[in-house]
Amino acid sequence: MSIIHNKSLKPFNTFGIDVQAQAYQRIDSEEELISTLINYKDAPLFVLSGGSNMLLTKNIDALVLHIAIEGIATELESANTILVTAKAGENWHEFVQFCIRNNYGGLENLSLIPGYVGSAPIQNIGAYGTELKDTFVSCKAIEIKTGLIKEFRNSECAFGYRSSIFKTTLKDTHIITEVTFRLTTNDHKVNTSYGAIQELLAKHTVTAPTPKDVAEAVIAIRKSKLPDPQKIGNSGSFFKNPVVTQETFTKLKIKYPEIPSYQVTKDQIKIPAGWLIEKSGFKGKRWGDAGVHEKQALVLVNYGNATGLEILDLSKRIKKEIKDNFGIELETEVNII
């Protein structure tokens, strides 16, 4: 596909921010990607996937490569496991739905997360007690500088909380082209540890939930709390849930007895960032077209024509307030460009 100059990226980011790409090219195959990397090896590049985990604050003065490689392949591994490989340009939720339809278990808790498959390992996406690393086997990636293909196994990816090697030491050096997962075909071990999932399953008298049951519960929960990016621009959770020491949490608990928490390790406590933001009075507030969602304070939204800088300014205001009120430094989950 030929390069398009001065193209609006508004349709390609879930915040719906209207910035311009100096040059844009849609990539539909690995061969096309390698050829483009070789032909433009000295040009500044910007890799765009589903645009679901970024806030664009300025025009992109580079060649934007929109990774849209599609395809799904399966390989039966054993009587109870199957390897499922999805190309980077597959829509994540549609891929999860493909797995559910075929009774492949393991990804159901990650239903309705926006974005593409290729960007999922970068962030080690997670929700409702499950993370991508739990089923991730490997991925193939092309090194931008050389155009060479490399395979990365699970153990090589340094997965952490919303992090991976592709977000740290190898940031902006590789482009993921496909991801392989190990999923179950029967004897599924579904994760229903999240309270809202348990409540919804109980409400529908589901006592032996299948991956499909869990997926439907997760979808219902997410739809009840989170705005549809097609209707209100957003990138889901804008901040990470902070982790504090037991000592810090004990002090906070004295001042705020109702503060929710999750034990991470013996001396580490995770506090919901949404609760901190709501407690500070931001939930449902709006400044022009930039605001905090009325149902989930962890989600910053674009009600129509907000700029990336306006949303960024709002996020800075929230971070300062949380720091002043609780002594906690919120960390951004969304990539600021």
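**Cores, burial and domain contacts in a predicted model**

Mentor: In this predicted model, the largest nonpolar core comprises 44 residues, and L9, I277, I311 and I318 have the most contacts inside it.

Trainee: Which elements give two or more residues to this core?

Mentor: They are β2 (20-27), β3 (45-48), β4 (54-55), β5 (60-67), α6 (246-255), α7 (273-279), β18 (290-292) and α8 (308-326). Helix α8 gives the most, with six residues.

Trainee: What makes this core one that lies between domain 1 and domain 3?

Mentor: Residues come to the core from both domain 1 (4-67) and domain 3 (233-336), so the core lies between them.

Trainee: With which residues is I311 in contact, leaving aside neighbours within four places in sequence?

Mentor: The contacts of I311 are F15, I17, L55, F238, A290, L300, V301, N302 and A306. Apart from this core there is a second, separate one of 38 residues, which includes V117, C139, F166 and F181.

Trainee: Which residues of α5 are buried, and what covers them?

Mentor: P211, V214, A215, A217, V218, I219, I221 and R222 are buried in α5. The cover over the buried residues of α5 includes α2 (92-101), β8 (126-127) and α4 (195-203).

Trainee: What describes the contact between domain 2 and domain 3?

Mentor: Domain 2 spans 72-225 and domain 3 spans 233-336. Their centres, taken over C-alpha atoms, are separated by 25 Å. Six residues from domain 2 and eight residues from domain 3 take part in the contact. Between them the two domains bury about 700 Å², with 40% of that area on carbon and sulfur atoms.

Trainee: Where does UniProt place the feature "domain: FAD-binding PCMH-type"?

Mentor: The unreviewed UniProt entry places this feature at residues 17-186. Over residues 17-186 the chain is 14% helix and 36% strand, with end C-alpha atoms 43 Å apart.

Note on methods:
Residues are numbered from 1 along each chain as its sequence is written. This is a predicted model: local features need pLDDT of at least 70, side-chain atom pairs count only at pLDDT 80 or more; totals for chains, interfaces and linings use all residues. Side-chain values use heavy atoms; hydrogens and water are left out. A nonpolar core is a set of buried Ala, Val, Leu, Ile, Met, Phe, Trp, Tyr and Cys residues joined through side-chain atoms within 4.5 Å. Buried means under 20% relative accessible area, exposed over 50%, partly exposed in between (1.4 Å probe, protein chains only). Helices (H or I, at least four residues) and strands (E, at least two) are DSSP runs, numbered from the N terminus. Domain bounds come from an automatic or database domain assignment. Contact means heavy atoms within 4.5 Å. UniProt positions are given in the numbering used here, feature names are shortened, and annotations may be inferred rather than shown by experiment. Buried area is the accessible area (1.4 Å probe) that two parts lose on being put together, summed over both.
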